Amino acid sequence: MKYDFYNLSKEEQKALKELKLNKDIVIRGADKGGTVVILDPNMYKNKMLNLEDSETYLNIDLIKLNRIINNIQDELYDLFLCNVIDFDLYKYFTIEKPVIPTFRGLPKVHNDIKDPPIRPIVSSKGWLTETVSIHLEKQLRKVVEQTETVVRDTQQFIESLSEYTLPDKNREIGYVVTLDVASLFTSIPNDTGIEYMRLFLIEKNMKRDLIIKCAMLMDIVLKNNVFVYGEQYFFTTEMGCHGYPMCKLIC
């Protein structure tokens, strides 16, 4: 016999359902810190990117969407026929029932709690290129993490600082300088990103056939990004590497 246990009372469960159906508010997780943020729907809508006027996002219809789906499937099959990928990898890349990625925004309350800016993100789980991106992330991470200028995580950063000494021993004050790039994921042209990654892999002495395979797979992922926002479909014209495991490594 199966028993269902809930850590919420019936009243609390009912309240959650009512909140979910409440069209007068928008509930989102904060960009950082795990905070739950409640927004005015008009405020949220106004802060989202103006997709129809954006040069980065192109509004498309179902015909164009189906062409993109067919294009991805055809390109992967061509790579299999040309022996760039084997049968097992081709089967792994094949997604029979793709899910169109969704577009939403996370409020950056760590910047401004009263009038927070919105960070747009795309959830690409289930899309046709998700498994391709996962495979690329595994291939590229091994190389990228060996680079001296790449920090894996906070712990490695702290350990690196503890080993660092200022060139001038008489100085008592040191400075840590950080830089941030606005809209990084949509600021790098597709072909430029692929070419620089190819040159990086050559510099790291990766085998030629692996470099060719990675470049071709990156081309498929980066140039076939679509998502749904509201009831409209959009195609990403630039880098558009949102919501994929490989995005951070490439950028």
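# Briefing: fold, cores and a surface patch

The chain holds nine helices and seven strands. The model is predicted. Its mean pLDDT is 83, and 84% of the residues reach 70 or more. Of the 251 residues, 33% count as buried.

**Confidence by element**

- Helix 4 (residues 87–93) has the highest mean pLDDT among the elements of the chain, at 96.
- Helix 9 (residues 247–250) has the lowest, at 66.

- Take the contacts between residues at least 6 apart in sequence: 68% of them join residues at least 24 apart.
- The accessible surface of the chain is about 17400 Å².
- Carbon and sulfur atoms account for 52% of that surface.

**The largest nonpolar core**

- This core has 34 residues.
- Leu 76, Trp 127 and Leu 201 have the most contacts inside the core.
- Two or more residues come from each of helix 3 (62–81), helix 4, helix 5 (130–144), helix 7 (190–203) and helix 8.
- Helix 8 gives the largest share of the core, eight residues.
- Another core, of 12 residues, lies apart from this one; among its members are Leu 39, Tyr 57, Val 122 and Phe 234.
- In soluble globular proteins, nonpolar side chains tend to be buried together.

**Around Leu 76**

- Neighbours within four places in sequence are left aside here.
- Leu 76 then contacts Ile 85, Tyr 90, Phe 93, Val 132, Leu 217 and Ile 220.

**Leu 222, in helix 8**

- Leu 222 belongs to helix 8, which spans residues 208–222.
- Leu 222 counts as buried because its relative accessibility is 0%, and the cut-off for buried is under 20%.
- Leu 222 and Thr 129 are 93 residues apart along the chain, yet their C-alpha atoms are separated by 9.1 Å.

**A nonpolar patch on the surface**

- Leu 8, Leu 16, Leu 19, Ile 27, Val 36 and Ile 38 form this patch.
- Together these residues have about 520 Å² of accessible area.
- Helix 1 (10–21) supplies at least two residues of the patch, and so does strand 2 (36–39).
- Leu 19 is one of the patch residues and lies in helix 1.
- With a relative accessible area of 38%, Leu 19 is partly exposed, because that value falls between the 20% and 50% cut-offs.

Technical notes: Residues numbered from 1 in each chain as written. Predicted model: local features only at pLDDT ≥ 70, side-chain atom pairs only at ≥ 80, totals over all residues. Heavy atoms only, no water. pLDDT = per-residue confidence, 0-100. Helix = DSSP H or I, 4+ residues; strand = E, 2+ residues; numbered from the N terminus. Buried < 20%, exposed > 50% of the residue type's maximum accessible area, 1.4 Å probe, protein only. Core = buried A, V, L, I, M, F, W, Y, C linked by side-chain atoms within 4.5 Å. Contact = heavy atoms within 4.5 Å. Patch = residues over 30% accessible without salt bridge, like charges linked within 9 Å, V, L, I, M, F, W, Y side chains within 5 Å. Areas by Shrake-Rupley, 256 points an atom, 1.4 Å probe, with all protein chains shown as cover. Salt bridge = Lys/Arg side-chain N within 4 Å of Asp/Glu carboxyl O.
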